[in-house]
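Try each task before reading its solution.

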Amino acid sequence: MKSVGVVETRFLDLPRPLPLDCGRELSGVRVAYETYGTLSPDRDNVILVCHALSGDAHAAGIAAEAPPEGTREGYAKGLGWWDGMIGPGKAFDTDRYHVVSTNLLGGCRGTTGPSSIDPATGEPYGPDFPVITVADMVRCERAFLDELGIGRLAAVAGGSLGGMQALQWATGYPDQVDAIVVIASTHALQPQGVAWNAIARESIMRDPDWQGGRYYGTGRSPDAGTGVARMVGHITYLSAAGLAEKFGRRLRDGLHYTITEPEFEVESYLRHQAAAFVRRFDANSYLYLSRALTYFELGPLDAVRARTLLISFSSDWLYPPAASQEIADTLARLGKPVENHVIDAPYGHDCFLLEEARQTPIVRRFLQEGTP
């Protein structure tokens, strides 16, 4: 299938302060975004795509300016993180839909976050950035779309943290969303997931180079702690079967009897993931987005009016199929239109990025059935 081609990230500044759940508000919020496909004259063909924790606005096509590291292992460096799902004839068909992707509030790839300049001080926010929630992220997306003149969405879609945003849209703005596509997500992260996220944050904050979050401009940043956080996170995205298939207990080059250097292929892989991640992602953004993810707990579903598609994966222990089933059962009990699919695949939580070919026909049919 064809790609959407070369895409440039654009920026929009919100004209009004953004109120937050913590009681504070942010002024001068900038949102980084990309669009794919043509907006219809009635502005009624918009799909908002929401990214996961470490993603960004560049969801499809080739970036006009290639980043230092790609967001997907094994793919061209400038390729969008969901390129297999967005484009002509794909799941989110840009021949039919105008797809919009934004960088999340609190991020580090163009949207206002901890590394942005605080207009009150002229210095990076750092730890003075307010603690945010998924509802705040969605509130920011709503304000951003208002500035584009887009009042209603044909669909909101996303995987993982992106799926949480889709669910929040359906409960927070029920009259403004026709459908949601929730992939490898949950109504609330379970205790084991909360625990792993806590360990990842601790590894950053215990790095002396974190400096209480005020490391910008010092020439030192918490790369070691952030790398360990990425190692922890990355393992939670995989499955035991997937790791065994990919690495087994293979050694890199025999045994060298060292405790400091990687001996096994899987150890080397994790070091590579850590090094690549710290080159593209800000440690403070990781802290804030991780915290928002653990705070998320979906409220009552009575208000939902959107048609709901849930997709989960058999080997995903972090966002297990049982979580999607709970949402589906509740919506069905309330008489809401919902369908739930479990795809049998061995790659754990990362399936939502790797199993695009199997998701595509499910999503395309679901969206087409809702088209007048």
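This is a predicted model: local features need pLDDT of at least 70, side-chain atom pairs count only at pLDDT 80 or more; totals for chains, interfaces and linings use all residues.

Residues are numbered from 1 along each chain as its sequence is written, and side-chain values use heavy atoms, without hydrogens and water.

**Exercise 1.** Find the residues with the most contacts inside the largest nonpolar core.

Solution. Start with the rule: a nonpolar core is a set of buried Ala, Val, Leu, Ile, Met, Phe, Trp, Tyr and Cys residues joined through side-chain atoms within 4.5 Å. Buried means under 20% relative accessible area, exposed over 50%, partly exposed in between (1.4 Å probe, protein chains only). The largest core has 64 residues, and V156 and I180 have the most contacts inside it. Helix α7 (residues 283-295) gives the largest share, seven residues. Helices are DSSP runs (H or I, at least four residues), numbered from the N terminus.

**Exercise 2.** Decide whether C22 is in a disulfide or in none.

Solution. Recall the cut-off: a disulfide is a pair of cysteine sulfur atoms within 2.5 Å. The count is zero disulfides. For C22, the nearest cysteine sulfur is that of C140, 14 Å away, so C22 is in no disulfide. C22 is partly exposed, at 40% relative accessibility. C140 is buried, at 3%.

**Exercise 3.** Compare the reach of helix α6 with its expected span.

Solution. Helix α6 (residues 265-280) has 16 residues. The expected span is 1.5 Å times one less than the number of residues.

Technical notes
Helices (H or I, at least four residues) and strands (E, at least two) are DSSP runs, numbered from the N terminus.
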